[in-house]
Amino acid sequence: MSRLSVVLPAYNEELMTAKVCRTLKEILDHEGISYELVLVDDGSSDGTWNQIEQISEQDPNVTAVHFSRNFGKEAAIVAGLAQASGDAVAVMDCDLQHPPETLVKMFRLWEQGYEIVEGIKTNRGKESLLHRKSAGFFYGIMSRATGFDMQNASDFKLLDRKAVESVLSMPERSMFFRAASSWIGYRSTSVLFEVQEREAGESKWSARSLISYAFRNIVAFTTLPLQFVTAGAVGCFICSLILLVYSLVRYFTGHAVEGYTTLLIVLLFIGSAVMMSLGIIGYYIARIYEEVKKRPRYIVSKIIHGGKKK
């Protein structure tokens, strides 16, 4: 009988951990699906790990992973994939904003032969206009970089065992799971879902953390920002040619170009472009530096499997 593993990254989800496990157990038992829940505590500062420990002691189908500190959601997903033993592995949020009922649809599609089942948002929940536009811009860049339509994409997806192994075989330290799972290929389909309201707790994503997350993943997955540097250089060159022609025309017609203001504008423009370009290049160098150090993506301090600590 095929087994489904559900990876649940958790960071400060003390109020939701027990409920999400209880809800998944009821739904999967009702559908007759053999399952395993892999809960990854990403260095929570509240009582999330205590809750997970209690759940894992009561339910042998729960595997609990505890990080030594907070390593981020991407690291928690990879750790969950590495611990999952099912023939199919699903990833979903621990706050029930990804509807568990959709998980059953994903599993049935996998049984029909699909190797990756993507969860596609039909709405983005309660988000500000700025957040929605920023997300659209980010996924537009990622769609262009990957060659796949990533608008309204999410981490809510189900992967066949060989797709999981392909993701885990990627050596990079900074992995963007949402894009990597699309990049590997395989026979794919999608299901639509509505983002549910969070029942308890608060979102862990501030505007600042979302911007940092977006830029980090763009740099980790694509060199497109470096092409912006090249485009900016070409733009500066074209502007300088236009200004050169304008200055020569003014000079030969006896109307010299006013020096100080024009010079100041040109210097500020070029200086800003150079500093911005250096910043983008420097960020890529920083990512290269992190990769060549080959530090582990995460450090696991505890694992509980089948009620036994490892």
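These numbered points walk through the predicted model of one protein chain.

1. Ground rules. The model is predicted: local features need pLDDT of at least 70, side-chain atom pairs count only at pLDDT 80 or more, and totals for chains, interfaces and linings use all residues. Residues are numbered from 1 along each chain as its sequence is written, and side-chain values use heavy atoms, with hydrogens and water left out.

2. Overall build. The protein chain has 10 helices and nine strands. Both are DSSP runs, numbered from the N terminus: helices are H or I with at least four residues, strands are E with at least two. Of the 310 residues, 42% are buried. Buried means under 20% relative accessible area, exposed over 50%, and partly exposed in between (1.4 Å probe, protein chains only).

3. Contacts along the chain. Take the contacts with a separation of 6 or more: 82% of them are between residues 24 or more positions apart. A contact means heavy atoms within 4.5 Å.

4. Surface. The accessible surface comes to about 16500 Å², and 59% of it belongs to carbon and sulfur atoms. Areas come from the Shrake-Rupley method with a 1.4 Å probe; for residues, only the protein chains shown count as cover. V234, F237, I238, L241, I242, L244 and L248 form a nonpolar surface patch with about 650 Å² of accessible area together. Patch residues have over 30% relative accessible area and no salt bridge; nonpolar side chains (Val, Leu, Ile, Met, Phe, Trp, Tyr) are joined within 5 Å, like charges within 9 Å. F237 lies in helix α9 (residues 224-252). F237 is exposed, at 51% relative accessible area.

5. Helix α6. This helix spans residues 161-168, and its buried residues are A163, V164, S166 and V167. Seen down the axis, they fall within an arc of 160°, so they line one face of α6. The arc is that of the directions from the helix axis to the C-beta atoms. These buried residues pack against α3 (73-83), β4 (88-91), β5 (116-121), β6 (157-160) and α7 (177-183). At the start of α6, a side-chain oxygen of D160 reaches to within 3.1 Å of the backbone nitrogen of K162.

6. A buried threonine. T102 lies in helix α4 (residues 100-111). T102 is buried, at 6% relative accessible area. Leaving aside residues up to four places away in sequence, T102 touches F156, V191, L192 and F193.

7. Salt bridges. Side chains of opposite charge can pair when their charged atoms come close. Here a salt bridge is a side-chain nitrogen of Lys or Arg within 4 Å of a carboxyl oxygen of Asp or Glu. The count comes to eight. In one of them, K73 pairs with D155, with the closest N and O atoms 3.0 Å apart. K73 lies in helix α3 and D155 in the loop between α5 (129-146) and β6, so the pair ties together parts 82 residues apart in sequence. K73 is partly exposed at 22%; D155 is buried at 2%.

8. Further pairs. K162 and E115 meet in a salt bridge (2.7 Å, N to O). K162 lies in helix α6 and E115 in the loop between α4 and β5, so this pair ties together parts 47 residues apart. K162 is partly exposed at 42%, whereas E115 is buried at 15%. E118 and K157 also form a salt bridge (2.7 Å, N to O). E118 is in strand β5 and K157 in strand β6, 39 residues apart. Both E118 and K157 are buried. Finally, E31, R108 and E111 are linked in a network of salt bridges.

Conventions: A polar contact is a pair of N or O atoms within 3.5 Å; within protein, one must be able to donate a hydrogen and the other to accept it, and residues adjacent in sequence count only if both atoms are side-chain atoms.
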